[in-house]
Amino acid sequence: MPPIDPARLLAGAEGARSDTAASAEVIARALETAPEDLEVRLAAYRFYFFTHDYAAAVPQAEAVLRLAALRLNLPPDPALVRPGDADFTAHDFAPGLYLQALIGLGYSAARAGQRDLARQVLTKAAALDPTDRFGGAWLLARVEAGEDD
């Protein structure tokens with residue numbers, strides 16, 4: 001069986017703004033074909049995020065986070081991840097992806113009304129990213145303050 005080509009699977013999803021229904025079908029087929037492919041999960045997350053379907057973005061962000069954890073050999077549960085488990089201050093792809101997935105999950109969860117989940121993952125992002133280069137602590141402060149925007 002040939003390797004999965006995420007670009008081929010996602011062809012046609014580019015028109016999310018002009019044809020959301022067709023893009024959603026492409027995303028759904030890609031997820032069915034390659035649920036463990038990071039590019040497919042990122043595309044699904046971005047699709048739901050940019051179409052403001054935050055409830056659907058949450059499980060995609062969780063999957064991206066899990067796949068990023070695998071790349072870094074981290075526990076699948078973010079609560080078990082410690083600052084010394086990876087170099088989260090480095091500008092490397094995998095640690096940055098992990099932090100961005102945490103923050104994306106937190107943002108989407110907050111927008112979907114899942115405030116407890118948002119607080120948990122944003123608190124973790126703030127602990128792992130002491131310089132707040134991705135804005136997890138900033139976003140956590142907004143969630144804690146009850147800000148909706």
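Tyrosine 107 is partly exposed, because its relative accessibility is 24% and the partly exposed class begins where buried, under 20%, ends. The model in which this residue sits is predicted.

Two packed helices are described by the angle between their axes and the distance between the axes. Here the pair is helix α3, residues 38–50, and helix α5, residues 93–111, whose axes come within 12 Å and cross at roughly 35°. The crossing of α3 past α5 is left-handed. On the α3 side, the contact is made by Leu38, Leu42, Tyr45 and Phe49; on the α5 side, Phe93, Leu97, Gly104, Tyr107 and Ser108 take part. Sorted by class, this contact has seven nonpolar residues, two polar ones and no charged ones.

Aromatic rings are the next topic. The structure holds seven aromatic pairs. One of them joins phenylalanine 47 and tyrosine 48: the ring centres are 5.1 Å apart and the planes stand at 70°, so the pair is edge-to-face. Phenylalanine 47 counts as buried because its relative accessibility is 6%, and tyrosine 48, with a relative accessible area of 15%, is buried as well.

Phenylalanine 49 and tyrosine 107 form a tilted pair, because their planes are at 55°, with the ring centres 5.5 Å apart. Phenylalanine 49 lies in helix α3 and tyrosine 107 in helix α5, so this pair ties together parts that are 58 residues apart in sequence. Both residues also belong to a cluster, in which ring pairs link Tyr45, Phe49, Phe50, Tyr54 and Tyr107.

Notes:
Residues numbered from 1 in each chain as written. Predicted model: local features only at pLDDT ≥ 70, side-chain atom pairs only at ≥ 80, totals over all residues. Heavy atoms only, no water. Axes fitted to C-alpha atoms, helices over the stretch in contact; angles between N-to-C directions. Helix = DSSP H or I, 4+ residues; strand = E, 2+ residues; numbered from the N terminus. Left-handed = near helix turned anticlockwise from the far one by under 90°. Contact = heavy atoms within 4.5 Å. Nonpolar A, V, L, I, M, F, W, Y, C, P; charged D, E, K, R; others polar. Phe/Tyr/Trp six-rings, centres within 6.5 Å; stacked < 30°, edge-to-face > 60°. Buried < 20%, exposed > 50% of the residue type's maximum accessible area, 1.4 Å probe, protein only.
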